[in-house]
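Dear colleague,

Please find below the sequence and the structure for your attention. My notes on what was found follow directly after them.

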Amino acid sequence: MLPISTKETVRYVPSEYDSLAAEAAVKAADKVAKITPENATAEERAAATRALDAATAARAAVEQRLAESGGIPTYFLAVPSLRDRLAYRRALAATGARYATDAELLATMREGVNAVVAEDQRAILIDILDRFEGAPEAERAGEIADQVEEIGRVLRPAFAGYAELLADRQYWLEMAPLLAAQHFLRGWENAGATFKRTGNLAAEDCLRGIPERHLAEVGWKALALMGPPSKAAEKN
Amino acid sequence: MAVAARPGHFEGGAEAADGSAWELFGERHETNPKLLLGQDEVEMVRLWRLTRGGDFGQGPMPEAGGVMDQAAIMLDAFAVMSAAEAELTRERER
């Protein structure tokens, strides 16, 4: 993607029409299936086969969609300058959106455990949260992640502070890409509605005319063009 | 960055002649990292060097106008490259 200039307009094709990405996914899954060793467990071999089947089916779906479509929906995005990024961040802050970090969520979960869980159970749960937080990011998966998820499920209805933080994060995850699309979309083709701008932004009524899933993807692409991905963007 | 700063460390083929590996920014590379580089990476290093200028101050920016007119992502990338260079310098001084 780099080097890149603010004079360029980036073309973006939504993933459901992206045949190159679908082909790359099949090749990657095929490679994994081929290198799965002879002595791998039956479960591992079955998982590799399932992944390849899923990628192949997804590629077929993309090909069918392309054959049936009158034209490939393509969105045109501006490359944000430093000035544009500052204006975008100001606008995002003005919506009240904030991204609650994992560290904030875990700290609030500890508060919640101490507030609503029976005293004899607290130490076990706090230990799970400590081990999860202390683990490298790549190892925050499997059983320990399931346990933390379960603690979260218990706390959501019982501890308002945790539920509010989650709501903050969800709001940011929806607002940030939507606003980025509004700021940086410069046009589209084969997307249904007619593109128009109000002031410096893509008009809200024309954005309502394109598929919601496209809008979200386009917004995340605009965010990616703004700088290295944040933790939030990486997770999406 | 490392390949540009210390080209001599990456001469030769895909594997180190003495059977060792390349250690860069805390990561071990069994295959010569030079082979991962494409034209875009080479171009980024060239642009980064231009913007750094010399002893007499900042060099030209890639785009017309001032800092605020530059692509934000390019400025972020240059900052990462400068940090990498500083780390390489610290390593050399140790």
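Thr9(A) belongs to strand β1 (residues 9–12) of chain A; helices (H or I, at least four residues) and strands (E, at least two) are DSSP runs, numbered from the N terminus. Please note that this is a predicted model, in which local features need pLDDT of at least 70 and side-chain atom pairs count only at pLDDT 80 or more, while totals for chains, interfaces and linings use all residues. Residues are numbered from 1 along each chain as its sequence is written, and chains are lettered from A and ligands numbered from 1 in the order in which they are written.

Is Thr9(A) buried or exposed? With 12 other C-beta atoms within 10 Å, Thr9(A) is exposed; a residue is buried if 20 or more other C-beta atoms lie within 10 Å of its own, exposed if 12 or fewer, and partly exposed in between, with C-beta atoms placed from the backbone. Neighbours within four places in sequence left aside, Thr9(A) is in contact with Phe76(A), Leu77(A), Ala78(A) and Arg186(A). Two residues are in contact if their C-beta atoms, placed from the backbone, lie within 7 Å. Between the C-alpha atoms of Thr9(A) and Cys206(A), which are 197 residues apart along the chain, the separation is 20 Å.

As to confidence, pLDDT is the predictor's own estimate for each residue, from 0 to 100. Chain A has a mean pLDDT of 93, and 97% of its residues reach 70 or more. Within chain A, strand β2 (residues 74–78) has the highest confidence, at 98, and helix α10 (residues 231–235) the lowest, at a mean of 52. Where pLDDT is low, the predicted coordinates should not be read in detail.

Helix α4 (residues 102–116) of chain A has 15 residues and should span 21 Å at 1.5 Å a residue, which agrees with the 21 Å between its end C-alpha atoms. The expected span is 1.5 Å times one less than the number of residues. Leu105(A), Met109(A), Gly112(A) and Val113(A) are buried in α4(A). They lie on the same side of α4(A) because they cover an arc of only 100 degrees around the axis, the arc being that of the directions from the helix axis to the C-beta atoms. The buried residues of α4(A) pack against α5 (119–134), α6 (143–158) and α7 (160–184) of chain A.

Chain B contains three helices and two strands, in the order α-β-β-α-α from the N terminus. Its C-alpha trace spans about 50 × 30 × 20 Å along its principal axes, and 12% of the 94 residues in chain B are buried. Chain B is divided into domain 1 (1–37) and domain 2 (38–94), with bounds that come from an automatic or database domain assignment. The centres of these two domains of chain B, taken over C-alpha atoms, are 22 Å apart.

Finally, the two chains touch each other through 17 residues from chain B and 15 residues from chain A. On the side of chain B that touches chain A, α2 (39–52) and α3 (72–93) of chain B each supply at least two residues. The largest share of that side, six residues, comes from α3(B). The residues on that side of chain B divide into eleven nonpolar, one polar and five charged. Here Ala, Val, Leu, Ile, Met, Phe, Trp, Tyr, Cys and Pro count as nonpolar, Asp, Glu, Lys and Arg as charged, and the others, Gly among them, as polar.

With kind regards
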